[in-house]
Amino acid sequence: MAADLLTRKINRHFDLIDTDGNGSITKEDFDLIVSRMAAGFGHAPGSPKFVELAEVYGNLWTGLRENLDTDGDGAVSREEYAHGLTSGVLTGEGYEQLMQPVAKVVFSLCDTNGDGRLDREEIAKAHLALGVQGEDHEVAMARLDRNGDGYVDEKELVQALQDFFLSQDDDAPGNFLFGRI
């Protein structure tokens, strides 16, 4: 994978999870993502879906802080994030423990009609909560629907997340999970 592509993916993801734009990722950023995602799908704080989402994002934050916060300040800077991701924190077991559960819970949250697949509207709501809108959403949707049926199933979403963090293929559909990179 070209270093330039990896850098663009890391920066794109960092910008989306640094919700307050202060240049570092903190627990508060993850709390805001949880609140936005849950609210976008009509789940109030304390509801089962909210609690489940908060738990997986809390585990993700804990894992990132423990592995990436090298200066011990309780936040992950862009540099710490980039260094951690390029050194393999989210590969293998780290990916399975931290990211895969997020993909599965987010899929469950977004599948509002319970048909086992996400349509454009369901994905648009999730993207909006993450700050991905307009053309970026359209680019993502076009690439994530691997079989061309107009939907994204759980396998496609999990594969997209894995592609985003692990793929060395410049054309991997998951590279576009959060829009243009």
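# Legends to the close-up views

**The faces of helix H3.** Pro48, Glu55 and Glu66 are exposed on the other side of H3, where exposed means over 50% relative accessible area, buried under 20%, and partly exposed in between, computed with a 1.4 Å probe on protein chains only. The model is predicted, so local features are given only at pLDDT of at least 70 and side-chain atom pairs only at pLDDT 80 or more, whereas totals for chains, interfaces and linings use all residues. Residues are numbered from 1 along each chain as its sequence is written, and side-chain values use heavy atoms, leaving out hydrogens and water. Helices (H or I, at least four residues) and strands (E, at least two) are DSSP runs, numbered from the N terminus. The buried residues of H3 are Phe50, Leu53, Val56, Tyr57, Leu60, Trp61, Gly63, Leu64 and Leu68. These buried residues fall within an arc of 165° when seen down the axis of H3, so they line one face of the helix; the arc is that of the directions from the helix axis to the C-beta atoms. An α-helix has 3.6 residues a turn, so residues three or four places apart point the same way. With 21 residues, H3 reaches 30 Å from its first C-alpha to its last, close to the 30 Å expected at 1.5 Å a residue. The expected span is 1.5 Å times one less than the number of residues.

**An aromatic cluster of Phe30, Tyr57 and Trp61.** A pair of aromatic rings is described by the distance of the centres and the angle of the planes. Rings of Phe, Tyr and Trp (its six-membered ring) pair if their centres lie within 6.5 Å; planes under 30 degrees apart count as stacked, over 60 as edge-to-face and the rest as tilted. Five aromatic pairs are counted by this rule. One of them is the tilted pair of Phe30 and Tyr57, with ring centres 6.0 Å apart and planes at 45°. Phe30 belongs to helix H2 (residues 27-40) and Tyr57 to helix H3 (residues 48-68), so this pair ties together parts that are 27 residues apart in sequence. Phe30 is buried, at a relative accessible area of 2%, and Tyr57 is buried at 7% relative accessibility. Phe30 and Trp61 also form a tilted pair, their ring centres being 5.8 Å apart and their planes at 40°. That pair links distant parts of the chain, with Phe30 in helix H2 and Trp61 in helix H3, 31 residues apart. Trp61 is buried, with a relative accessible area of 6%.

**Charged groups over the rings of Phe164 and Tyr151.** A charge sits over a ring if NZ of Lys or CZ of Arg is within 6 Å of the ring centre and within 35 degrees of the ring normal. The charged end of Arg117 sits over the ring of Tyr151, 3.5 Å from its centre. Lys9 lies over the face of Phe164, 5.7 Å from the ring centre.

**The setting of Arg12 in helix H1.** Helix H1 comprises residues 3-17 and includes Arg12, which counts as buried at 17% relative accessibility. The side chains of Arg12 and Asp136 make a polar contact at 3.2 Å. A polar contact is a pair of N or O atoms within 3.5 Å; within protein, one must be able to donate a hydrogen and the other to accept it, and residues adjacent in sequence count only if both atoms are side-chain atoms. Not counting residues up to four places away in sequence, Arg12 touches Val132, Asp136, Phe178, Gly179, Arg180 and Ile181, contact meaning heavy atoms within 4.5 Å.

**Helix H8 and the loop that holds Asp145.** Asp136, His137, Ala140, Met141 and Leu144 are buried in H8. Seen down the axis of H8, these buried residues fall within an arc of 130°, so they line one face of the helix. Asp145 is placed in the loop between helix H8 (134-144) and strand E4 (152-153) and counts as buried at 13% relative accessibility. Its side chain reaches the backbone nitrogen of Gly148 at 3.1 Å. Apart from residues up to four places away in sequence, Asp145 touches Gly150, Tyr151, Val152 and Glu156.

**Arg65 in helix H3.** Arg65 is partly exposed, at 31% relative accessibility. Leaving aside neighbours within four places in sequence, Arg65 is in contact with Gly74 and Val76. Arg65 and Ala75 are 10 residues apart in sequence and 6.8 Å apart in space, C-alpha to C-alpha.
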